[in-house]
Amino acid sequence: MQTHTPNALTDALPQEELFFDRPMSAYTTIKVGGPAAMMMEAHSAQQVARAIQAARQRGIPTLLLGNGSNLLMDDAGFDGLVIRFGEAFSQVKLEGNTLTAQAGASLMALSRLTVEHSLAGLEFAAGIPASLGGAALMNAGAYGGEMAHVIRHVDCLDPQGRAVRLQVKDIGYGYRDSRMMREGYTVLSACMELKPGDGEAIRRCVQENQMHRRNKQPLTYPSAGSFFKRPPGYFAGALIEQAGLKGCRRGAAQVSELHAGFLINLGGATGQDFRSLVAHVQDTVEQRSGVWLEPEVRIIGRRGA
Ligand SMILES: Cc1cc2nc3c(=O)[nH]c(=O)nc-3n(C[C@H](O)[C@H](O)[C@H](O)COP(=O)(O)OP(=O)(O)OC[C@H]3O[C@@H](n4cnc5c(N)ncnc54)[C@H](O)[C@@H]3O)c2cc1C
């Protein structure tokens with residue numbers, strides 16, 4: 001297998017923007033993953049477009065990284081360019097009921113900001129440790145709310161690297177799904193429409209949601225949230241529990257005792273531990289209930305998905 005040498009992109013991108021061999025375990029909430037051959041912090045749309053184009057021309061795989069809260073990386077790392085949307089790409093503007101933010105903005109911080117302004121719509125997002133880009137792409141949601149309900153439009157790069165604005169009706173949102181995700185768009189920023197509401201009721205709703213999370217989710221362990229999508233008509237966690245898999249381990253990866261939909265890292269788990277636990281859970285649940293659990297978490301190999 002070809003390995004991309006550290007200087008594979010330095011002719012096209014400023015040397016000072018590239019970092020080499022950063023451990024992906026430090027950039028994912030599940031704390032798993034070997035080194036990324038190259039990584040850069042997004043700071044402008046033009047820079048991101050240039051990087052994607054340069055990588056494509058050289059056949060170098062790219063991975064767009066938000067807060068890493070829905071990713072399981074390979075123990076061997078990622079042999080390509082990781083473009084990270086974080087603080088350097090997180091400007092936020094609130095005008096009346098309209099909130100516009102860059103992809104690297106923290107979804108939880110946006111939720112807090114709207115609560116402070118008694119705006120309704122992002123209460124569901126209070127406990128989701130996502131970047132806005134990742135959440136808009138995957139249509140993150142909880143407690144009856146989801147990104148599709150608040151997004152007005154998204155500015156992105158299309159699969160050819162052209163800047164485009166997608167109105168919500170053209171995004172094809174579904175359950176943890178979007179056209180942007182299926183076709184390989186890059187989210188640069190999103191514009192959200194909120195509703196003026198009763199500040200006290202909004203605050204109470206957020207508190208109740210957060211309390212529910214604290215009681216029901218294993219938040220003291222590294223994880224990527226619910227590992228599997230909800231199969232139509234079922235709950236993944238309930239199926240896993242009914243299959244007797246609560247507490248089941250492979251190495252240091254475990255099906256949470258508290259919430260069977262969460263696969264947690266007990267400390268030092270490898271990608272391989274998680275992959276073999278995932279396969280065991282899928283096979284066992286299918287045998288017991290005839291339902292195949294599809295991961296919600298994006299499982300990324302050394303050369304990409
Ligand atoms: C404790 C915990 C609780 C959670 N609860 C919920 C929940 O209630 N509901 C829910 O939906 N999810 C939940 N999640 C999962 C996760 O937070 C969401 O899936 C979130 O949308 C991922 O955002 P991210 O920025 O971390 O994306 P990442 O994990 O960094 O990336 C996820 C995917 O998005 C892509 N991506 C990231 N940024 C961009 C961009 N700018 N443009 C294009 N593609 C991009 C990546 O390439 C990858 O394919 C939870 C996770 C944890 C750890």
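A: Let's start with helix H1 (residues 45–57), which lies across S2, S3 and S5 and runs at about 165° to S5. Some ground rules: helices (H or I, at least four residues) and strands (E, at least two) are DSSP runs, numbered from the N terminus. Angles run from 0 to 180 degrees between N-to-C directions, with axes as lines fitted to C-alpha atoms, for helices over the stretch in contact. Contact itself means C-beta atoms, placed from the backbone, within 7 Å.

This is a predicted model, where local features need pLDDT of at least 70 and side-chain atom pairs count only at pLDDT 80 or more, while totals for chains, interfaces and linings use all residues. Residues are numbered from 1 along each chain as its sequence is written.

Now the sheet under discussion. Four strands form an open sheet in the order S1-S2-S5-S3, with mixed pairing. S1 and S3 are at the edges with a single partner strand each, so one side of each has no neighbour in the sheet. On average, neighbouring strands here are turned by 40° against each other, direction ignored. Pairing, by the way, takes at least two bridges found by DSSP between two strands.

Going through the pairs, strand S1 (residues 19–23) runs antiparallel to S2, joined by four bridges. In that pair, phenylalanine 20 is opposite methionine 38 of S2. On to S2 and strand S5 (residues 78–84): these pair in the parallel sense over five bridges. Methionine 39 has valine 82 in S5 as its bridge partner, and alanine 36 stands opposite phenylalanine 78 in S5. Strand S2 (residues 35–41) has five of its seven residues buried, so the rest of the structure largely encloses it. Buried means 20 or more other C-beta atoms within 10 Å of a residue's own, exposed means 12 or fewer, and partly exposed is in between, with C-beta atoms placed from the backbone.

The loop between H1 and S3 holds proline 61. Proline 61 is partly exposed, with 19 other C-beta atoms within 10 Å. Leaving out neighbours within four places in sequence, proline 61 touches Asp79, Gly80, Arg303 and Gly304 by the contact rule.

Next, the ligand. It is surrounded by 31 residues, the closest being Gly66, Ala130, Gly133, Gly134 and Gly225; the cut-off is a C-beta atom, placed from the backbone, within 6 Å. H3 gives the most, with five residues. By class, the shell has 17 nonpolar, 13 polar and one charged residues, where Ala, Val, Leu, Ile, Met, Phe, Trp, Tyr, Cys and Pro count as nonpolar, Asp, Glu, Lys and Arg as charged, and the others, Gly among them, as polar.

As for the overall layout, the chain splits into domain 1 (15–87), domain 2 (88–201) and domain 3 (218–299), with bounds from an automatic or database domain assignment. The centres of domain 2 and domain 3, taken over C-alpha atoms, are 27 Å apart.

Key:
Two residues are in contact if their C-beta atoms, placed from the backbone, lie within 7 Å.
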